[in-house]
Structure formats: C-alpha cells, structure tokens
Amino acid sequence: MRIAVLYICTGRYNQFFADFYKSAKKYFLNEIANIEYFVFTDDEQLCSDTDIHIIKKECNGFPLDSLMRFDDFLSIKSQLLCFDYTFFFNANMKFIAPIGLEFIPVKEKLSAVIHPGYFNKPAFLYPYERNKRSSAYIKPHEKNYHYFMGSLNGGKTEEYLQLIETCSKNIHKDMEIGFMTKFHDESHLNKYLRNKTCLMYSPSYSYPEGKHIPFEKKIIIIDKVKIDKYFDKGRSKAIIAIIRKAIFIIKESINWYL
C-alpha cells in the first residue's frame, strides 16, 4: 500500500516539521505502508531524506496559506495518482501512539477528524458557513450533523482528489464574488463531506495539547505558543473576541429555531 502525506509549512511553521516527521516515522502505519511526504514550504533545505518531496511554496500568511491549500495539492495531482491513499496533516501535529490499519478508510473512501472543540456541543453551535452567498453554505435543521476539523483529512486518492477539486472550485467561486468563508478551507471541507460517507476519526487523532477531553491521545495538536511566542496573537484573551463569540452563539441559536 502506497500512501502520500500532504504537509504545508511556510514561514515560522517550518519549525514543526522535524517533530512531525520523526513521530510519523515511528508511529504512523509502521511496517504497513510505503509512505512518501509531499512538503510545501519556502525552506528548500528543510530535509533531504529520500521519502520527502519538497515543493517550493511562498509564505502568503493567514488565511491564504490555509484557504488556498487545495490549489497547492492540485499542483501535484499527477504525482498523487500514483498512490493508493492520500492524507493531509496540519503543520503542528505530532504522533504519540501507534496508528495502524484502523486509520485507513477502506469502505468509506474518505476520512476526516471530528473537531475536538465541538464533539460534545449541540449542533446549532457548529460553525458551519451560514451565509447563503457562499458555495459552502449549510442550512440548519437537517439531521446527522458532524463538524470536522480541517487539520486532518484524506482518503483513497481518486476520491480525495475529487474533494480537493470541488473545494478548490468552490473557493474560487466565492472569491469571484468577493466572499470568504468564516472558517476558510474548513468550511468548504464540511460542506463537501455533509452528505458523503466518511470515516470519522475521533478527537484522539486531533487532541489539543494542554486540554483534557475524554479520548485517548494518538495525535496531538501542539500548542504553537509554547514553541514560539510569535503565534500568541492574544485573540483568546481579547474582550472583543469574547463579545463576538457570545453574539455568534445567540445568532446561531436563533437561526436554528426559527
């Protein structure tokens, strides 16, 4: 089984790659699959190991580096078609426990991780894109809601490329009318997966460092601020952020029950 891992690290995110790669080599499908890493970075000297493909990418900052990731992936479509499965991992992720065949979406074809911040929240709080102008719009009142985090997703390569192509197309469609979704690529991912069969990884595979949730830790999301104070934007402590969150909760609860 051949697996392609997609990984983006530009600017100061480059410092996370060494731990990600080292932990993946130790824990991710060890002795099960042949894995190659496609790393989009502005640091062409990042690593010279033979299983790593460096794809030059300029740092465009947030949110463009996140929003436009599907375009980056499409740039190597021909290479990805040589692999059975393709998976994307966020830059600040680290494997801390063995992961085996249970990770592979054999029947489902696609996979994504349940957001650790919403696994126990009512559906009306899920931050789907609710603006009808957007191609990522998801209406309330439907059944079987799941909110996926954009940090980890993948699947059988052909099916995953369909996801990538559709999300890219929809993002550009929104941009043409001057619209950007609230949660960028994550909003479009959730729209695509809304009515798709998907292997849903538990928050075990996206466990926030320093938090306590009722799941086994398998892949952690490293607290970026502990590594580099550059990432401390003060958003979580700002009074304006608290007010906006409160307004969001009120609006979403009203919309849900209207």
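Tutor: Let's start with Y128, which is buried at a relative accessible area of 3%. Keep in mind that this is a predicted model.

Student: How many aromatic pairs does a search of the whole structure find?

Tutor: It turns up 31 aromatic pairs. One of them is Y85 with F87.

Student: Why is the pair of Y85 and F87 called stacked?

Tutor: Two checks. Ring centres have to lie within 6.5 Å to pair at all, and for Y85 and F87 they are 6.2 Å apart. Then planes under 30 degrees apart count as stacked, and here the angle is 5°. Both conditions hold, so stacked it is.

Student: Are Y85 and F87 buried or exposed, and how do you know?

Tutor: Y85 has 7% relative accessibility, so it counts as buried. F87 has a relative accessible area of 0%, so it is buried as well.

Student: What about the rings of Y128 and Y147: why are they called edge-to-face?

Tutor: Their centres are 5.5 Å apart, with the planes at 65°. Over 60 degrees counts as edge-to-face, so that's the name this pair gets. Both residues lie in the loop between β6 (110-114) and β7 (148-156), and the pair ties together parts that are 19 residues apart in sequence. Y147, at 2% relative accessibility, counts as buried.

Student: What sits over the ring of Y85?

Tutor: The charged end of K156, 5.0 Å from the ring centre. The distance limit is 6 Å, and 5.0 Å meets that part of the test.

Student: And which residue lies over the face of F83?

Tutor: R2, at 4.2 Å from the ring centre. R2 also meets E36 in a salt bridge.

Student: How do you know that R2 and E36 meet in a salt bridge?

Tutor: The N to O distance is 2.8 Å, and the cut-off is 4 Å, so the pair qualifies. R2 lies in strand β1 (residues 2-9) and E36 in strand β2 (residues 34-41), so the bridge ties together parts 34 residues apart in sequence. R2 is partly exposed, at 31%.

Student: What is the N to O distance for K56 and E44?

Tutor: It's 3.9 Å, still within 4 Å, so this one is a salt bridge too. K56 is in strand β3 (residues 52-56) and E44 in the loop between β2 and β3, twelve residues apart.

Student: Why does K56 count as exposed, but E44 as partly exposed?

Tutor: Exposed starts over 50%. K56 has 56% relative accessibility, so it counts as exposed, whereas E44 has 47%, so it counts as partly exposed.

Student: Which parts of the chain do K77 and E165 tie together?

Tutor: Their side chains meet in a salt bridge at 2.6 Å, N to O. K77 lies in helix α4 (residues 77-80) and E165 in helix α5 (residues 157-176), so parts 88 residues apart in sequence are tied together.

Student: Last one: what makes the side chains of S111 and Y201 a polar contact?

Tutor: They come to 2.9 Å, and the distance cut-off is 3.5 Å. S111 is in strand β6, and at 2% relative accessibility it counts as buried. Among the residues S111 touches are F87, P105, N153 and Y201.

Methods: Residues numbered from 1 in each chain as written. Predicted model: local features only at pLDDT ≥ 70, side-chain atom pairs only at ≥ 80, totals over all residues. Heavy atoms only, no water. Phe/Tyr/Trp six-rings, centres within 6.5 Å; stacked < 30°, edge-to-face > 60°. Buried < 20%, exposed > 50% of the residue type's maximum accessible area, 1.4 Å probe, protein only. Helix = DSSP H or I, 4+ residues; strand = E, 2+ residues; numbered from the N terminus. Lys NZ or Arg CZ within 6 Å of the ring centre and 35° of its normal. Polar contact = N/O pair within 3.5 Å; in protein donor to acceptor, adjacent residues only side chain to side chain. Contact = heavy atoms within 4.5 Å. Lists of a residue's contacts leave out its neighbours within four places in sequence.
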